[in-house]
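Please look at the sequence and the model shown here, and work through the exercises on aromatic rings that go with them.

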Amino acid sequence: MKKTILFTILMMNFAFVWAQKAELSNISGMITDNYGERLVNAVVYFYPETDSVKHFPCICDADGYYSIQLPKGEYRYAISYMEQQFRNAHFRVDATKDSVSIPTIVLDLKDVVLGEVVVKGSRPFVTYRGGNAVYNLAAHRGAAGGTVLDGLRFIPGMQVDGEDGLSVFGFYKLSVAVNGRVLKLSDEQVKAYLSTFATTDIEHVELIRNPGPEYGNLSGAVLNVVTKEKADEGVNAFLSASLVYRKMLSEQANGRVNINKGKWRNFVAYNFTDKRRQETLDTSISNDTTIVDPRRSHLLKLGSELQIAPKHLAGIRIYGTKSTEQLENTPQLSVNTKRLGSGANLYHSISSKTLTWNFNADYAYRDSKSTYRNDDDVTRNLKDIFHYWKASTSILYQFTPAVTGQVGGSWTKSDLETRSESHQTSTIYDYTEKTLSAFVTLRYRSQLIDAYGGILGNYEDWSYQGFSPDDNGKYFWAWQPYFSITYNLSQNHRFTANFQTYYHHPSFRDIQPYISSSSSVLKRMGNPRLSNSTRYNLSLNYTFSRAAMLEINLSSEKNPITETIVHENGDYYIGKINLENSKYLRILAGAPIPIISRENGLSWLTTNYIAYHWQKDKGLVSGTPYKHDFHAFYVQHKQSVYLPDDWAFEAQATYYSPLTAGLYLMEKQWWIDFVVSKRVAGWKFSLSGYDLFNTNIAKGRIAGLDAPIYFTKNWHSPKITLSASLTLGNKKLKTSNRKDADVDSRLKQSADESITIGEK
């Protein structure tokens, strides 16, 4: 009897729902802020007047529009945006007609950032999408008016100086992407490219700690630079230049011109660098001084895109690079290098209310020629020719306002030909790598929860000519599961759990059976026995008031690739080897603390970050069992003072405890840097200093050898930089009907840019 009653109730409910399909009302509208900006990704919740428990959410699209079908009736509604809740007694709608259009809703956003710190602007300096921090550099007083590269130093935990690119929180190396596309440039060229951007040219930058499958197998972190969604009509330009003294004098000049009209958006950017540097390496077996004088490089980049329709975008970006370098290793070696490079990126995006499709095609070319000469006038020529192709596509479908599904795939091919010639021998190595990858992701997003999960599959095919590496086979499969869940405990409390799988295979240069004499102290040797590594990472993150954070990372890696020094036949060689496994625990904590914040423009902020790292390595080094446990920590302290009349001052101290990098056991390191800047109309002037006391010196010993080698690497890093930048043209943002569908359409499906299909 109970089963019959239950069945009858279910059938009556089903019949009622079926009858209601013909009684639906389509409710639509648009949301903007008090500055006229359309609020992408704002969530609207509709509540029936007769039932305050039920709620129906929908998300604003790339144009700030929302649309939802509901059973006819009367509703109240509320809006959630950037962790703020907006409710009003007038937020009511009579949905008794087939179609109802709600007048444009204008929200008065609060200028709140970093807890009690106030930054005047239309948007706060930092917000969060899922577990990723999104920084609006133009809202920061110290970053405004300068280059994007200079502005990155104001991101908490960011480290910009140094020859090894960008890093964050002491232990994470950064890769850089523009609109979701990772730049196929060297670390030096990436910095040069970022120097051509003004902070007013970009919408924001996203710090993605655990990159998703659209970024490939990047196991560090990604800094995604998102260009402006609204173009300044007409012509405007940004120019900057700097002089750097670091034991030797270097110069840099940058320029960018934007030409925008109607649906067309175009730019041309140029960078010139004339760089000189000196490094000294003292070891217990020999000494070496490396002088680069000079290294001259040119980078030219052009782009054009057409907004075919409000949600239909197509464009192209091309670039060219040229550089020459003269390097001397005293007392016996000199190297002259010439490099040419070029590349292109085609992108296309089209979307509707429930479906978004993106397509990208990339090509890159590099030609490098190096001539090695020693004191005996023996020369050797090395030439590399590199070709890279990639095609990727992805489709996202919105099943319901809260549930979306995404599938994507890519095909990549890399060809590298290396020719080594001397008066006695000539060797040619060819390497071809083909990769197929596909991923599927399912996401659920509500007012409190943003969760996604999926799997990425990779298939690689390697082929060689000129040698046969002793690896695990040239065909390689890798399955990479991943998931993430972000829970908003309250307006100021956020918790994120993230799991990622990465694999990494050695570079072609590392597995070639070659010996290179690029240093007068240590020769470099390839290792054809290198195999792939696989790493699993679990991250737990808690954030308070968009500022204070506590993060715990657990990582386990099989066959990690590390650099070491091998002693064979009386000589020492630098090379790569595989260890058996490596595990680490990393804890990161920190927060900005406001000291003074006044309406007259005076503010004082102190920022502190500390990271603790425990690692355990195990494997074989030169046939001898190797085990090593070590602890390390990193501390960064910054004082930021902003004065009236657009003066800004930053001073920062960084400290590393003794730590291990591969098989290099290094002593403690510390250094101090500062920046003083002043804005005058369209000009900005800055004076910066880095490691003025020359304390950033790597000292230590190399483990795993019969007799340890002690070393001291002096970068001669004390540096003074004088910079000036100028913004020309239209400085006022004009509203137009043009919307960058490629950038913004992805935001309607995701509050976390680590899984997205809106790539350029």
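Predicted model: local features only at pLDDT ≥ 70, side-chain atom pairs only at ≥ 80, totals over all residues.

Residues are numbered from 1 along each chain as its sequence is written, and side-chain values use heavy atoms, with hydrogens and water left out.

**Exercise 1.** Classify the pair formed by the rings of F46 and Y66.

*Solution.* Rings of Phe, Tyr and Trp (its six-membered ring) pair if their centres lie within 6.5 Å, and planes under 30 degrees apart count as stacked, over 60 as edge-to-face and the rest as tilted. A search of the whole structure finds 16 aromatic pairs. For F46 and Y66 the centres are 6.4 Å apart and the planes stand at 50°, so this pair is tilted.

**Exercise 2.** Decide whether F46 is buried or exposed.

*Solution.* Buried means under 20% relative accessible area, exposed over 50% and partly exposed in between (1.4 Å probe, protein chains only). The relative accessible area of F46 is 0%, so F46 is buried; Y66, at 3%, is buried too.

**Exercise 3.** Classify the pair formed by the rings of F386 and Y388.

*Solution.* Their centres are 6.5 Å apart and their planes are at 20°, so the pair is stacked. Both F386 and Y388 are buried.

**Exercise 4.** Find the ring over which the charged end of R256 sits.

*Solution.* A charge sits over a ring if NZ of Lys or CZ of Arg is within 6 Å of the ring centre and within 35 degrees of the ring normal. The ring belongs to F267, and the charged end of R256 is 4.2 Å from its centre.
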